[in-house]
Amino acid sequence: MTTRDTDTGGVLESMILPALQRGQYTVRTQVVIGQRIGRGKHKIDAIATKGERSVLVSLKWQQVGGTAEQKVPFEVICLAEALRTGSPFAAAYLVLGGEGWSLRQFYVGGGLDQYLKDADRVRVLTLESFIARANTGQL
């Protein structure tokens, strides 16, 4: 039986950090920002700050079909809740990397907006779109 590679998040994180730095963001990684609904601590992959504006960045990697895809709606709910509860964060981004997403277009196209409260406050982007925004300081 082959084992699944569950450490791909570190690879994705190392791919976005240079883009954030080039966009002149200060970055903190693996930061606890509060409580997840019904699940304990909410640890965010990165907080990017530029001037007075701080944004949350959550990363999901899906190299082949699997369970990461099913975690996207819950992550959107948690990020929307973090923004809604009077946090100091201006925005939240959920970055989808890898080629194993069968629902990528649905997610990045706002498909969850009609199903989840405040989902429209969380931007779901492909890795490439996120890097283009981060690079130019436009998060």
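Which residues of α2 are buried? In this predicted model, where residues are numbered from 1 along each chain as its sequence is written, local features need pLDDT of at least 70 and side-chain atom pairs count only at pLDDT 80 or more, while totals for chains, interfaces and linings use all residues. Side-chain values use heavy atoms, with hydrogens and water left out.

Helix α2 covers residues 68-84, helices being DSSP runs of H or I with at least four residues and strands runs of E with at least two, numbered from the N terminus. Its buried residues are Ala68, Glu69, Val72, Glu75, Val76, Cys78, Leu79, Ala80, Ala82 and Leu83, where buried means under 20% relative accessible area with a 1.4 Å probe, protein chains only. The elements covering them include β1, β2, β3, β4, α3 and β5, by contacts between heavy atoms within 4.5 Å. After α2 comes Gly86, with a positive phi near 70°.

Two of the covering strands, β1 (residues 26-36) and β2 (residues 40-50), pair in the antiparallel sense over nine bridges, pairing requiring at least two bridges found by DSSP. Within this arrangement Arg28 has Ile47 in β2 as its bridge partner, and the hairpin leaves three residues between the strands, with Gly38 in the turn at a positive phi of about 65°.

Turning to the aromatic rings, there are two pairs, counted for Phe, Tyr and Trp (its six-membered ring) when centres lie within 6.5 Å, with planes under 30 degrees apart called stacked, over 60 edge-to-face and the rest tilted. The rings of Tyr93 and Phe130 have centres 5.9 Å apart and planes at 65°, so this pair is edge-to-face. Because Tyr93 lies in strand β4 and Phe130 in helix α4 (residues 127-135), the pair ties together parts 37 residues apart in sequence. Tyr93 counts as buried at 4% relative accessibility, as does Phe130 at 0%.

Methods: The expected span of a helix is 1.5 Å times one less than its number of residues. Buried means under 20% relative accessible area, exposed over 50%, partly exposed in between (1.4 Å probe, protein chains only).
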